[in-house]
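Below is a short briefing on one protein chain. It starts with ring contacts and then turns to the fold and the surface.

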Amino acid sequence: MMKKYLSMLMLGVTALVAATAAQAGAIDEAVKRGTLKVGMDPTYMPFEMTDKRGEIIGFEVDILKA
C-alpha cells in the first residue's frame, strides 16, 4: 500500500515538474519573439466578447494587454 502511494506521488511530482518546464519554455520563447499568441472564445461576457467592429474585448483582453 505504501509503495503504491509513494509511486503515485512521485509520478505526480514528475508530471508537475515537466509541465512547469514546458510552460517556462513557452514563456521564454514568447519573450524572445516579442509576441504572445492567445486563443479565445469571445462568448463568455464580460471576460471576452466582440464589439461592433468585430474586435475581441473584455476583462481577459485587458489583463493580457497589461
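The structure holds one aromatic pair; rings of Phe, Tyr and Trp (its six-membered ring) pair if their centres lie within 6.5 Å, with planes under 30 degrees apart counted as stacked, over 60 as edge-to-face and the rest as tilted. Phe-47 and Phe-59 form this pair, edge-to-face, at 6.1 Å centre to centre and 75 degrees between the planes. Because Phe-47 lies in the loop between α1 and β1 and Phe-59 in helix α2 (residues 59-65), the pair ties together parts twelve residues apart in sequence.

This is a predicted model: local features need pLDDT of at least 70, side-chain atom pairs count only at pLDDT 80 or more, and totals for chains, interfaces and linings use all residues. Residues are numbered from 1 along each chain as its sequence is written, and side-chain values use heavy atoms, leaving out hydrogens and water.

**Fold**
- The chain has two helices and two strands, in the order α-β-β-α from the N terminus; these are DSSP runs (helices H or I, at least four residues; strands E, at least two), numbered from the N terminus.
- Pro-46 sits in the loop between α1 and β1 (49-50), and the peptide bond from Met-45 to Pro-46 is cis, with omega near 0 degrees.

**Exposure**
- Of the 66 residues, 6% count as buried (buried is under 20% relative accessible area, exposed over 50%, partly exposed in between; 1.4 Å probe, protein chains only).
- Phe-47 is partly exposed at 40% relative accessibility, and Phe-59 is partly exposed at 47%.
- Tyr-5, in helix α1 (residues 2-33), is exposed at 52%.
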